[in-house]
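Reader: I would like a close look at a single part of this model, with the terms spelled out as they come up.

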Amino acid sequence: MIPAKLSAAFKDSFAYDTIKDRLPTIYSKTVDHIYRQKSVHCDDPEKCEDLKLIVGRLSEQRYRLQTNKPLLPCRHRKQSVDERNCLWDRAMEGASKEYPNGEILPFEASWLLVECHMYRSIWEAVNESKHLQHLDPFLCQKQESYLFSQQLIMEIGEYLTSAIRDKKNSKSNLNSLLHLSLWGNQFDLSISAGETNKSHDSFIDKLRYNDKYILCDHSDKVIDMILDKADGSRVIDIILDNAGVELFSDLCLSHYLIECNFAHSIRLHVKCIPWFVSDATKYDLLWTLDEMEKSENETLINLSRIWRGFIDSEIWNIIEDEFWTSPFEYSKMSLVSPQLYKSLSQSSLVIFKGDLNYRKLVGDRQWTLDTPLDVAVQGFHPAPFVTLRTLKADLCCELYNIDIESLDDDWMISGRYAVIQ
């Protein structure tokens, strides 16, 4: 029997807390950020009017969310009926059939749908403007996160450089870079905040200390899969999560896979619109390379040039697909986005990053902790895959012999614990 989806209908759940408190706060912070754009566009009356309209729409959407008004159908620019819009129309039409009168209420519907709809509505409010369609309301937060973490980023870059020279320990170095990729979205908080890391030994020691919080670690299997028949003819897909330190860590892992001939091509999947505040877009990735090139650190400058070469020569391919910003769980991919599923099926390994990808993999459902991941993904298996996830939602699968009583009370949502599955 397939369990119910996570929903704010369950008032003792993290979904309820998120929709009641966290999502309205994100709306408010987004409005504040857009207000600050007035100083940039104050000399252009039409852009100022656009900002007022965007703020008005976001304020209305926040009110509708807080008062449990039905989710509105997606709005499309008249000239734009693309795959992104069609996917959302299909999702909303399908969801409406599950509820009385076809009304999708935030505190009764699927948490995944409601949360994705909020970010879609933020994008719509901006996209419907006359002059500011390309405004990213989360851009400053993403860029500040990267700039705040410069010391850590330099240290990770230097570790990558030393790992590439250390040919004898490729398996150990690959393991470290895989774990770097896992913990990337925590480094600015749990490793570097308030102190400067100057040695690789100190950094790796802290990485290993964090690893005791990995509740399910299949990294040995992943590494063996990568090393097996590593003849440089492989394609590896990485479904990226956050910009900032995490993105930089993912690019370091991608570099190492190419440099050691473990793959001949990496496909980096980014979001095509601003998404879940910190998710990486193509612009964020290219901006990161720009910032590295402007750095005074020679390691970052050299890496930026190498990475641009990877992109120019299509060793790295940056992929934008509307499916990643739809509310569909991944078990539906073969039906609603068959071209993407076919593309992933040609991959030697697919690496899913972060909590949202995990939620979509397992359908955002209330699986028991001992449910095998193969069961929870409900037939989604285009290619061998691994998910690198820090836990930030109250669901998890394939946890065996775990002493729950020994874990923190908020172990499922704090981001302190992780899985490599």
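Reader: Which residues does Trp307 touch, not counting residues up to four places away in sequence?

Author: This is a predicted model, in which local features need pLDDT of at least 70 and side-chain atom pairs count only at pLDDT 80 or more, while totals for chains, interfaces and linings use all residues. Residues are numbered from 1 along each chain as its sequence is written, and side-chain values use heavy atoms, with hydrogens and water left out.

Trp307 touches Leu160, Phe248, Leu251, Cys252, His255, Leu289, Met292 and Trp316, once residues up to four places away in sequence are set aside; a contact here means heavy atoms within 4.5 Å. Together with Leu285, Trp307 has the most contacts inside the largest nonpolar core, which has 140 residues. Such a core is a set of buried Ala, Val, Leu, Ile, Met, Phe, Trp, Tyr and Cys residues joined through side-chain atoms within 4.5 Å, where buried means under 20% relative accessible area, taken with a 1.4 Å probe on protein chains only. Helix H5 (residues 111-127) gives the most to this core, with 11 residues; helices are DSSP runs of H or I with at least four residues, strands are runs of E with at least two, and both are numbered from the N terminus.

A cavity is a set of points, on a 1 Å grid over the protein atoms alone, where a 1.4 Å probe fits but cannot get out, and its lining residues have an atom within 4 Å of a point; grid points are joined across faces, edges and corners, and the volume is the space filled by probe spheres set on the points. Of the 17 residues that line this cavity, Tyr27, Gln61, Leu72, His117 and Ser121 are the closest to its centre. H5 supplies the largest share of the lining, five residues, and helix H3 (45-66), like H5, supplies at least two. By class, the lining has 10 nonpolar, three polar and four charged residues, with Ala, Val, Leu, Ile, Met, Phe, Trp, Tyr, Cys and Pro counted as nonpolar, Asp, Glu, Lys and Arg as charged, and the others, Gly among them, as polar.

Finally, Asp321 lies in the loop between strand E4 (316-320) and helix H15 (333-336). Asp321 is buried, with a relative accessible area of 13%, and its side chain reaches the backbone nitrogen of Phe323 at 2.9 Å.

Terms used
Buried < 20%, exposed > 50% of the residue type's maximum accessible area, 1.4 Å probe, protein only. Polar contact = N/O pair within 3.5 Å; in protein donor to acceptor, adjacent residues only side chain to side chain. 1 Å grid on protein atoms, 1.4 Å probe; cavity = no way out; pocket = protein on both sides within 12 Å on 5 of 7 lines; lining within 4 Å.
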